[in-house]
Amino acid sequence: MEEETTTPAYMQLAAIRFCLSLPELKNHHELRSKLMEGIREGNMAPYYKEVCEEFNWPLDNGLFKQMSDANTKRILELDQEHDKNFIDEEDQVSGIWQAKLDYLCSIGDQQGATTLAETKFNDKSVPKSHRIDAIFALFRIAYFHGCNIRLMKSVIEKAADLIETSGGDWSARNKLKAYEGIWSLAVRDFTRAANLFVDVVPTFESYELASFGTIIRYTVYACMIALPRSELKKKLMHHGVMAQALNSEFKDLKEYFLSLYEGRYSDFFICLAKVENDMKKDPLLYPHYRHYNQAMRLRAYKQILQAYRSLSLDYMAKSFGVTVDFIESEVARFAAAGRLQCKIDSVAGAVVTCHYTHSKSECQTEAPEATLVRGTLYQSTVKKGDILLNRLKKLARIIDF
């Protein structure tokens, strides 16, 4: 059971390798030592050769031969075991080729693992449940070796089609949500990712793909940018497993969510900076960290401006813990791009909320959305009150009569 709920150690090496590819971390001694330690422990000869070629590291021929011999020996044992049990139960034979596939993945043999997985997936005589396992393995290969988005997309489509046509069991459908959630993040579909991760967290079992902590982190990141404020607390803090995780092990993510939800914008900016730093070190999220950071800042600006007709730049700067020049530049840039419905009154040193007319050529000062809602409610209450008073007057006349 412990092995079933533990992500294979080699899966963590992809993130370390990616960090070493970043200019600011390419000479990081600790990361290099950690990568080499993982390679030695797993006898990852093919992966070692691949890494040395990428980073122009000198290849230790003695180490490479030692690991290659260990790989060859283990693969030979698995092949012999397969031949020995070929006439036995089909499930036993399937378990042997699956063990070989897992081993090829664990040593970083991309070509060998891909060939075996594709062979088993395309073999109609293999049970559909095992073909599903093979296609999921292809996704992990694409994910581990550089987050190949095109291959990941192809695999998701094939897996979804196979599960639908074969009537895949609940476990396969549940796993597909986790795999599709990962792919959705890779293509910046945060809304789809948020919905999938929220569904899969309570019953997560795809530990061969990612750790539970990684899925929790991805869930918070996706929900924060995709879900409306009214749903955030329900999905994150009122969700049993999510709430337990955020209140215990992932308090940094809890603070990230609550700082925005409660309007503690200076704390939120600090948390967002940490999130950006984490995203820079994640091969899946790295291409999106600038977009994500900008979108979350925009969300915070919209939230604070929503309740006001106008707001001084000085107050906004203090709220976010930044300079007046910075906040003015930010708001002006978003307003000019049409992403913030406001304008800057430089004379008064304030941000005035507004909306664009149908001609999109004029910016007219209006009450923000929250104020409009309260105004509509007030007018409705007054109108209903007048109707009630008129009816009471009629009733009084009848009683007097």
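I call a residue buried when its relative accessible area is under 20%, exposed when over 50%, and partly exposed in between, with a 1.4 Å probe and protein chains only. The model is predicted, so I kept local features at pLDDT of at least 70 and side-chain atom pairs at pLDDT 80 or more, while totals for chains, interfaces and linings use all residues. Residues are numbered from 1 along each chain as its sequence is written, and side-chain values use heavy atoms, with hydrogens and water left out.

**Leu35.** I looked up Leu35 in helix H2 (residues 29-41), where helices are DSSP runs of H or I with at least four residues, numbered from the N terminus. Leu35 counts as buried because its relative accessibility is 0%. Beyond its neighbours within four places in sequence, I found Leu35 in contact (heavy atoms within 4.5 Å) with residues including Leu20, Tyr47 and Trp57. Leu20 lies 15 residues from Leu35 in sequence, and their C-alpha atoms are 9.3 Å apart.

**Helix H14.** In helix H14 (residues 251-261) I noted Leu253, Tyr256, Phe257, Leu258, Ser259 and Leu260 as the buried residues. These buried residues pack against several helices, among them H11 (212-226) and H16 (289-306). Just after H14, I read a positive phi of about 75° at Gly263.

**Largest cavity.** For the lining I took residues with an atom within 4 Å of a point of the cavity, which is a set of points on a 1 Å grid over the protein atoms alone where a 1.4 Å probe fits but cannot get out. The residues that line the largest cavity are Tyr10, Met11, Cys105, Arg140, Ile141, Phe144 and His145. Helix H7 (residues 128-144) gives the largest share of this lining, three residues.

Methods:
1 Å grid on protein atoms, 1.4 Å probe; cavity = no way out; pocket = protein on both sides within 12 Å on 5 of 7 lines; lining within 4 Å. Helix = DSSP H or I, 4+ residues; strand = E, 2+ residues; numbered from the N terminus.
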